Amino acid sequence: MASLFRDRTFGHSKRDSFSSSSSITTTAATVSPSSASSRFAATANSPALSPLPPPFGDLTPTLTESDLRSSAYEIFLSANRSSSSKPLTYISNNNHSSSPNNGSTNGNSNGTLQRSLTSAAASKMKKALGMRSSSSKRSSDSNDSGAAGRTKKPVTIGELMRLQMRVSEAADSRIRRGLLRISAGQLGRRSESMVLPLELLQQFKASDFTDQEEYEAWQKRNLRMLEAGLLLHPHMPLERANTAAQRLRQTIHSALDRPIETGRNNESMQVLRTTVMALTNRTSDGALLESCHWADGIPLNLRLYEKLLEACFDINDETSIVEEVDELMELIKKTWGILGLNQMLHNLCFTWVLFNRFVATGQVEIDLLCAADSQLAEVSKDAKMNKDPIYSKVLSSTLTAMLGWAEKRLLAYHETFDNGNIDSMKSIVSVGILSAKILVEDISNEYRRRRKNEVDVALSRIDTYIRSSLRTAFAQRMEKADSSRRASRHQPNPLPVLAILAKDVGELAIKEKDVFSPILKRWHPFSAGVAVATLHACYGNELKQFISGIKELTPDAVQILRAADKLEKDLVQIAVEDSVDSDDGGKAIIREMPPYEAEGAIANLVKVWIKTRIDMLKEWVDRNFQQEDWNPRANQEGCAPSAVEVLRVVDETLEAYFLLPIPMHPALLPNLVTGLDKCLQYYATKAKSGCGSRNSYIPTMPALTRCTVGTKFQWKKKEKTVTSQRRNPQVATVNGDSSFGVPQICVRINSLHKLRSELEVLEKRIITLLRNSESAHVEDFSNGLAKKFELTPSSCIEAVQHLSEGLAYKIVFHDLSHVLWDSLYVGDLSSSRIEPFLQELERNLTIVADTVHERVRTRIIADIMRASFDGFLLVVLAGGPTRAFSKQDSPIIEDDFKALKDLFWANGDGLTDDIIDKFSAPVRDVLPLLRTDTESIIERFRRSILEAYGSSAKSRLPLPATSGQWSSTEPNTLLRVLCYRNDEAASKFLKKTYNLPKKL
């Protein structure tokens, strides 16, 4: 960065670095006309400034910036020419370079304006403002060949001021000449006691100017200055009826239309002087004063002073302050008497000028901003001491302008600052905060009333800047993300807008933490926390709307929610780190960041996905069961196609689940496994339903009767019909339905067996899928229950058991009822033995053996064997009145039972002896009763009744209940043997004891 200050040794200042064809000749304390005019011409090449509008108030539009500058220069010369007690002597420009002692004419060799410039020590003012000073340039001007090798003589302070104020040598000479004339005629009078524009109008006429146009412009400027100072912006308010003001207004307006003759003591000038002096010496009580108030009304005085202060900036380097600023400022301050200023107003004006120059020159010279910030600290001290309403008003308007400019940038600092200008941010924030504090704490009445609450202005402002800027930056990132999405919509798998936005917001947060927060921490200790809380809220609003609109799990939804979850973790981490030193450990900031619960939203969507899949699977099961025909030849495994399909669908569902791009596969896996488990359980339940059970096939036992000896067969045909009709009506529900035949039930059993056996494969598959999942951790494999099917295995076992038992009793009691229940041992035993039943039974056993899976074959055949044994016993003990057995029939019955057992033994190829013995035990226990004599059976029956019912049974034997569990010691079993004993003793006992009938 170029230094703001340059050594003012003539020939080495930027002010003198322009090209000039004229030869520059200098002597001590003088400057040639050609040199001066060349310098003045160089100002036309200065870059155009873009200053802010003045905050002091509006002047009449007829006074231009050039007019103000010219009048300010005249005031400057007037204040400094009269500062010496000795009379001022006019120095002709023609003699300006003739002698090195011209500057001391009339004994004023130490005059302020004639002080020569040298390479002085660094400016005290620059040090106080924190400005850097450049080192002196000692090399000669390479563009001036005539001056090569020679050191230029320094110019005077007065000449420097003339150049800085852009005043031509001719105008300067004329002003100095006029001031000398005024001084000569008014010896001893201070500059404050005269009205400079009036006096200058009195001194010059048209012949003193190059042409009439220049003269008229000069006259109009002075008249407008009088109008501005006395009528438009007077030191004291004018009464509406003030006659002097009315006359002056008429005089000025007439002169502006038709120039008056100046330079003479004519009538026009006398009228002008009379009215002007009447207005300049006013007081509030109407008394006259010695001092004249013509340029000390606000805002005229501040605008004139602003022009003087702007002269401190090098006209050829608008960002630099001249090295002689201390000396210039000393001279400028001598205008305070004329302009009605003091140190406080100077501090305020100088602060504004420094700040405005930083803005006007493109905000490139940070030293200017730092200087304004430093000067503003002085203004802050003044504001606490001075409560003058006029000063407060000027202060308020000035600081409001500065604060407005600063806040326009700070409320969107992400847009304002980048790597190129980030260094200026600290000073801009400082200026903005200090301006706000003065406005709030020292000017605002409301603040004074609320001071008990101790409002922290800096903290509040920084908080506002952070939140506003980040909201703006967020909105811009959102537009950018939307544009990016539109631009990539034709590409494969374009990122959703909110996923792009989450990434951009994360980058924004990092930039805030690394670049801006270190600057803002000076005023707000938890600036990064506030920033990320703001970003969290902005993104959260968009995410909330998105979540409320999604109804199902989609790749875009998962992508967005995962991006949101990552963003939230990053933002919270920044907030926690930033608040580590706070009193509450960052809890206040974290409370501003209610969780997105993105994982919860994903989980809910996954649960919806799981429920949808489970519901679809259940509907699929229902639909396929309606179409399933349980054909044993449908496939080689002998199971239903629906079983194969349901396992395939379950496997596909598991694979689809683990393909979901979610971070919680292990967490929600139990939900899926439980749902699939219930579906498979539902399949098992459906597979067994409608097939009947053991009790649905066993016929109802007929009422007890006693045999009629000698008439055993007389009602055989009739009773057969009766017993057939007494079967359980549930048997009819499966009669004639092909889906419930023996082969079809075997297929159902096979399907359930396959279902159960494949569960282990599915569980291993789950483990494999889980291991390949990115979201799985070691602890996810320790809990095996979450990956197992708990309901289906037991349901399959129970269903197979149910079907196997039902199949067995269906074959024996339903399909073979015509050769068992309807015909076995009905009438003559020799012609109704078991052989027909064995043949039919063997055929069914062959079908079963050929159809069912070998792993369940033994169980089913064992159940058929048990059903056969139960059927055999039921015929013997509860076959109804069509059956009667004598003691001599027992060998036939025992032979038939042995044949029945041999069928299942199959010469050692069938069931094992252990199994046969286990299930045949009840039959083997009961059959010996058939060869026992009647008296012994009656005696055993009596004892068993007494044992069962006690002494109450001695008078009358109670009728034992039917238990269904046949045993040689069980009273009901013994009673039934007697009921079917073709024996007179048995018949009499039953008649006497229970009065049983001989027929139904």
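Student: Where do Tyr-73 and Phe-76 lie?
Tutor: Both sit in helix α2, residues 65-81. They are 3 residues apart, about one turn of the helix. Keep in mind that this is a predicted model.

Student: Why does that spacing matter for direction?
Tutor: An α-helix has 3.6 residues a turn, so residues three or four places apart point the same way.

Student: Is Tyr-73 buried or exposed? And Phe-76?
Tutor: Tyr-73 is buried, with a relative accessible area of 0%. Phe-76 also counts as buried, at 0% relative accessibility.

Student: How many aromatic pairs turn up in the whole structure?
Tutor: A search finds 23. Tyr-73 and Phe-76 form a stacked pair, because their ring centres are 6.4 Å apart and their planes are at 20°. Planes under 30 degrees apart count as stacked.

Student: What about Tyr-539 and Tyr-596, how are those rings arranged?
Tutor: Their centres are 5.9 Å apart and their planes are at 45°, so that pair is tilted.

Student: Where in the chain are they?
Tutor: In distant parts, 57 residues apart. Tyr-539 is in helix α21, residues 527-549. Tyr-596 is in the loop between α23 (587-591) and α24 (598-627). Both tyrosines, Tyr-539 and Tyr-596, are buried.

Student: Which rings link into a cluster?
Tutor: Ring pairs join Tyr-825, Phe-869, Phe-872, Phe-885, Phe-897 and Phe-904.

Student: Switching to charges. Which ring does Arg-357 lie over?
Tutor: Arg-357 lies over the face of Phe-313, 4.2 Å from the ring centre. Elsewhere, Arg-883 lies over the face of Trp-821, at 5.7 Å from the ring centre.

Student: Last one. How do α29 and α30 cross?
Tutor: Helix α29 covers residues 742-771 and helix α30 covers residues 791-815. Their axes come within 9 Å and cross at roughly 165°. The two helices, α29 and α30, are therefore roughly antiparallel to each other. Angles over 145 degrees count that way.

Student: What is the handedness of the crossing of α29 and α30?
Tutor: Left-handed.

Student: And which residues meet there?
Tutor: On the α29 side they include Val-742, Ile-745, Cys-746 and Leu-759. The α30 residues they meet include Thr-792, Pro-793, Cys-796 and Asp-815.

Methods:
Residues numbered from 1 in each chain as written. Predicted model: local features only at pLDDT ≥ 70, side-chain atom pairs only at ≥ 80, totals over all residues. Heavy atoms only, no water. Phe/Tyr/Trp six-rings, centres within 6.5 Å; stacked < 30°, edge-to-face > 60°. Helix = DSSP H or I, 4+ residues; strand = E, 2+ residues; numbered from the N terminus. Buried < 20%, exposed > 50% of the residue type's maximum accessible area, 1.4 Å probe, protein only. Lys NZ or Arg CZ within 6 Å of the ring centre and 35° of its normal. Axes fitted to C-alpha atoms, helices over the stretch in contact; angles between N-to-C directions. Parallel < 35°, antiparallel > 145°, perpendicular 65-115°, else oblique. Left-handed = near helix turned anticlockwise from the far one by under 90°. Contact = heavy atoms within 4.5 Å.
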